[in-house]
Amino acid sequence: MNFPQIYSSEFFCWAPGVTTHDEWIEWKNGTRSIKCEKSSPKLEFADPLFKRRLSQITRMTIQVIHDLLEKIPEASECKQVFVSFRGEIEREFSINENLIKDSEIMPAGFSLSVFNTPIAAATICLKLKAGYSVIYPSCSNNNQANAFAHAMKGVASPLLCGDEESVIFVYADEFVPEVYGELRSENSEPMAFACLLSRKKSVHCAKSIDIDKIEDVKKFIRESI
């Protein structure tokens with residue numbers, strides 16, 4: 001199927017060891033690498049009590065949306081679409097471990113482990129009221145490229161069908177705990193990005209995106225920054 005083109009704003013990205021725009025250009029050119037570690041943004045703009053227990057993926061999600069809104073304030077009126085392959089994987093592992101050992105789940109821990117935690121926390125922190133949706137793309141045989149391509153069709157669907165003029169697209173995945181060992185895929189670097197997608201070309205959304213040609217997430221970022 002040939003999908004109509006949509007348009008994106010500039011990308012706002014964060015990953016351990018790659019935080020500034022210049023560093024992302026170095027990453028794009030192959031002269032800088034993302035660090036596979038648990039470091040996360042400091043979120044100096046957020047309330048200390050609010051951010052105290054936030055995970056890496058949630059902090060990265062909040063940071064990239066914050067950076068987008070700093071540049072495009074009117075995007076705060078747009079709905080958000082959040083995509084992740086792994087979600088709160090470290091918290092989920094911890095909960096499963098406690099369930100096996102103690103046969104119980106603590107409510108506080110569970111509330112921070114669900115798949116929509118990152119984008120929900122972002123809407124609270126940044127006072128976004130337009131609503132959000134989440135996409136958890138299936139990944140057969142570790143084929144993240146195919147899964148991301150399908151996810152992008154879901155992200156773009158409210159634009160293509162005319163339900164929305166613009167949406168904030170957010171992708172994030174955190175560091176996979178070392179306990180997973182060989183089960184970790186080769187595409188397991190922690191990273192996040194946010195951009196504004198629109199049905200129409202505008203001052204902020206000037207880059208054309210061909211939905212039919214989108215492949216894996218890292219290639220998508222490289223072609224967009």
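User: Which residues touch the most other members of the largest nonpolar core?

Analyst: This is a predicted model, and in its largest nonpolar core, which has 32 residues, the members that touch the most others are W24, F169, F193, L197, F220 and I221. The elements that each give two or more residues to this core are the helices α1 (21-28), α7 (144-160) and α8 (217-222), together with the strands β3 (79-83), β5 (166-173) and β6 (191-198).

User: And which element gives the most to this core?

Analyst: That is α7, which gives seven residues to this core.

User: What is F193 in contact with, leaving aside its neighbours within four places in sequence?

Analyst: With those neighbours left aside, F193 is in contact with F11, F12, C13, V64, F169, V170, Y171, V217, F220 and I221. There is also a second, separate core of 31 residues, and V170 is included in that one, as are A46, A121 and I168.

User: OK, helices now. How do α3 and α6 cross, and at what angle?

Analyst: The axes of α3 (residues 56-71) and α6 (residues 117-125) come within 8 Å and cross at roughly 45 degrees, and the two helices are therefore oblique to each other. The crossing in which α3 passes α6 is right-handed.

User: Which residues make the contact?

Analyst: From α3 the contact is made by I57, T58, T61, I62 and I65, and from α6 by T117, P118, I119, A121, A122 and C125.

User: How many residues of α6 are buried?

Analyst: Eight of the nine residues of α6 are buried, so this helix is largely enclosed by the rest of the structure. The buried ones are T117, P118, I119, A120, A121, A122, T123 and C125.

User: What happens just after α6?

Analyst: Just after α6, K127 takes a positive phi of about 60 degrees, a positive value in a residue other than glycine. Most residues other than glycine have a negative phi. K127 is found in the loop between α6 and β4 (132-135), and at 65% relative accessibility K127 counts as exposed.

User: L43 has a positive phi as well; is L43 buried or exposed?

Analyst: L43 is buried, with a relative accessible area of 1%. Its phi is near 50 degrees, and L43 has its place in the loop between α1 and α2 (48-51).

User: Last topic, E10. Where is E10, and what does E10 touch?

Analyst: E10 lies in the loop between β1 (6-8) and β2 (12-14) and, not counting residues up to four places away in sequence, touches K71, A194, C195 and H204. E10 and C195 are 185 residues apart along the chain, while their C-alpha atoms are separated by 6.3 Å.

User: How accessible is E10?

Analyst: E10 has a relative accessibility of 38% and therefore counts as partly exposed, since that class covers values between 20% and 50%.

Note on methods. Residues are numbered from 1 along each chain as its sequence is written. This is a predicted model: local features need pLDDT of at least 70, side-chain atom pairs count only at pLDDT 80 or more; totals for chains, interfaces and linings use all residues. Side-chain values use heavy atoms; hydrogens and water are left out. A nonpolar core is a set of buried Ala, Val, Leu, Ile, Met, Phe, Trp, Tyr and Cys residues joined through side-chain atoms within 4.5 Å. Buried means under 20% relative accessible area, exposed over 50%, partly exposed in between (1.4 Å probe, protein chains only). Helices (H or I, at least four residues) and strands (E, at least two) are DSSP runs, numbered from the N terminus. Contact means heavy atoms within 4.5 Å. Axes are lines fitted to C-alpha atoms, for helices over the stretch in contact, and angles run from 0 to 180 degrees between N-to-C directions. Angles under 35 degrees count as roughly parallel, over 145 as roughly antiparallel, 65 to 115 as roughly perpendicular and the rest as oblique. A crossing is left-handed if the near helix is turned anticlockwise from the far one by less than a right angle, and right-handed if clockwise.
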